[in-house]
Amino acid sequence: MSMVEFKKVCKQFGSHLVLKSIDLAVDTGEVAVVIGPSGSGKSTMLRCINVLEKVSTGDLLVDGLSVRGSSHDVRRIRLEAGMVFQQFNLFPHLTALQNVMFGPIRSRGKSKNEAREIATALLHKVGLAERMSHYPSQLSGGQQQRVAIARSLAVEPKLMLFDEPTSALDPELRQEVLKVMQTLATEGMTMIVVTHEMGFARRVGSRLLFMDDGQLVHDGKPVELLSDPPSERFREFLKHVD
Amino acid sequence: MTFEWTAIVDALPDLLQGLELTMLIALAGLAGGIIVGALTGALLTYGGWLAQAPAQVYVALIRGTPITVQVMFIYFALPILMNIRITATNAGILTLIINSGAYNAEIVRGALESVPNGLREAGLSMGLSFRKVLAYVIAPIAVRRALPAMGNQLVSVVKDTSIFLVIGVGELTRRGQEIMSANFRAVEIWTAVAAIYLIVISILAVSLRVAERAARLP
């Protein structure tokens with residue numbers, strides 16, 4: 001069964017059609033990298049998956065549950081689909097450790113001790129064992145984003161969604177975030193990544209999706225698509241990002 | 001004239017009794033006003049129009065009329081309209097709750113709206129209900145942002161208790177007036193009354209400053 005399945009999904013903001021009948025199935029273990037010009041609907045598509053946006057028409061199944069289902073279903077979808085944001089969105093009133101403990105305690109109902117164990121292990125994993133008691137404002141952008149990834153993982157999702165996770169970072173800080181994401185991918189996490197990092201798409205992606213004007217234009221193996229761009233539009237886009 | 005310190009010493013027990021009532025009314029008003037303000041502020045920010053409309057009318061009504069008129073209405077008019085009895089002290093407390101609740105509501109709304117939307121999304125995306133996101137993410141940040149403005153409002157509440165002399169509540173200002181009309185030592189008595197308010201409010205202001213500093217994030 002697919003982890004994520006778009007069935008003729010349209011999304012409209014007012015009279016503006018942002019997603020035009022998207023059909024897409026992402027299987028367990030895939031690392032799907034979504035690229036495309038800004039305004040092409042990449043982020044909106046991603047946000048529909050964990051219901052931060054509601055689909056206008058069509059249906060979208062996440063781990064078998066419809067995003068149009070009850071609020072209980074929606075909450076279950078969100079538990080299964082972790083989200084990493086461009087602006088990190090760490091809770092500023094909590095330390096790095098408390099940020100990561102937040103999900104296990106508040107949404108998984110774990111005890112403080114269990115949550116602390118989970119959070120400590122994850123912060124080690126993202127290389128921030130030394131920064132656990134720091135507040136977000138005391139961390140660099142790259143460190144904040146790694147905490148944010150740990151925070152999402154702590155909820156134990158089956159699927160991770162990344163919405164331009166390195167776009168707000170200085171170039172020298174991007175690698176530390178991409179490295180963590182690559183580790184996740186090699187461990188078999190199902191991932192959908194909206195990004196402009198072509199190197200990451202090539203190295204880590206198992207699948208490359210090119211979006212333009214609300215439509216899914218190309219869908220294939222990253223190496224093949226990138227070495228032999230199938231359309232003029234895609235060729236043009238690649239010239240601009242590199 | 002000579003400043004008669006003994007007039008103050010003689011008046012002090014009475015004035016302190018008045019202060020006790022002032023503090024009782026102020027504390028009840030503060031607590032109630034914070035609760036009413038938080039609820040109304042949340043309605044103004046997140047409620048549908050059906051919840052927002054009455055909240056807006058309430059705020060407009062209170063901000064558009066003097067507190068003296070409000071207490072007169074509650075003490076003299078409300079008992080007639082609703083066929084109830086209300087003591088002067090309770091009328092004072094009720095007025096303060098309703099009055100400061102309206103001002104607090106606007107402060108709370110501003111603070112809630114200032115919390116970045118991304119934090120709400122981060123909470124929701126982890127599978128929390130909006131209520132939990134509000135309680136554990138938005139509120140802790142909003143409280144910190146509301147503290148400075150709220151402090152001003154709390155100080156006003158203490159001072160506004162003096163208005164209740166118009167309905168005969170025996171609070172500090174009323175006691176001062178009564179003593180003065182018996183001994184005519186206006187300078188001494190009003191100096192003492194002012195000094196007592198100043199001391200109480202300074203203590204409140206310093207505690208608020210301390211609370212603000214303790215809650216401040218790095």
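In helix H2 (residues 71-80) of chain A, the buried residues are A:Val74, A:Ile77, A:Arg78, A:Leu79 and A:Glu80. Buried means that 20 or more other C-beta atoms lie within 10 Å of the residue's own, exposed that 12 or fewer do, and partly exposed in between, with C-beta atoms placed from the backbone. Helices (H or I, at least four residues) and strands (E, at least two) are DSSP runs, numbered from the N terminus. The cover over the buried residues of H2(A) includes strands S4 (57-62), S5 (65-66), S6 (81-84) and S7 (159-163) of chain A, together with H5 of chain B.

This is a predicted model, in which local features need pLDDT of at least 70 and side-chain atom pairs count only at pLDDT 80 or more, while totals for chains, interfaces and linings use all residues. Residues are numbered from 1 along each chain as its sequence is written, and chains are lettered from A and ligands numbered from 1 in the order in which they are written. The predictor gives the complex an ipTM of 0.94 and a pTM of 0.90. For chain B the average pLDDT (the predictor's confidence in each residue, from 0 to 100) is 95, and 100% of the residues score at least 70.

A:Val4 lies in strand S1 (residues 2-13) of chain A. It is buried because 23 other C-beta atoms are within 10 Å. Not counting residues up to four places away in sequence, A:Val4 touches A:Val26, A:Ile49, A:Val62, A:Leu159 and A:Ile192; contact requires C-beta atoms, placed from the backbone, within 7 Å.

A:Ile192 is also one of the residues that touch the most other members of the largest nonpolar core, along with A:Val34, A:Val100 and A:Leu161. Such a core is a set of buried Ala, Val, Leu, Ile, Met, Phe, Trp, Tyr and Cys residues joined through C-beta atoms within 7 Å. The two cores are listed below.

| Core | Residues | Members include |
|---|---|---|
| Largest | 123 residues | A:Val34, A:Val100, A:Leu161, A:Ile192 |
| Second, separate | nine residues | B:Leu172, B:Ile189, B:Ala192, B:Val193 |

Chain B has eight helices and zero strands. Buried residues make up 38% of its 218 residues, and its C-alpha trace spans about 70 × 50 × 20 Å along the principal axes. The axes of helix H2 (residues 49-63) of chain B and H4(B) come within 9 Å and cross at roughly 115 degrees. Axes are lines fitted to C-alpha atoms, for helices over the stretch in contact, and angles run from 0 to 180 degrees between N-to-C directions. On the H2(B) side the contact uses B:Ala55, B:Tyr58, B:Val59, B:Ile62 and B:Arg63, and on the H4(B) side B:Ile98, B:Asn99, B:Ala102, B:Ala105 and B:Glu106.

The contact between the chains takes 19 residues from chain A and 17 residues from chain B. On the chain B side, H5 (117-125) and H6 (130-160) each supply at least two residues, and H5(B) has the largest share, six residues.

Methods:
Contact = placed C-beta atoms within 7 Å.
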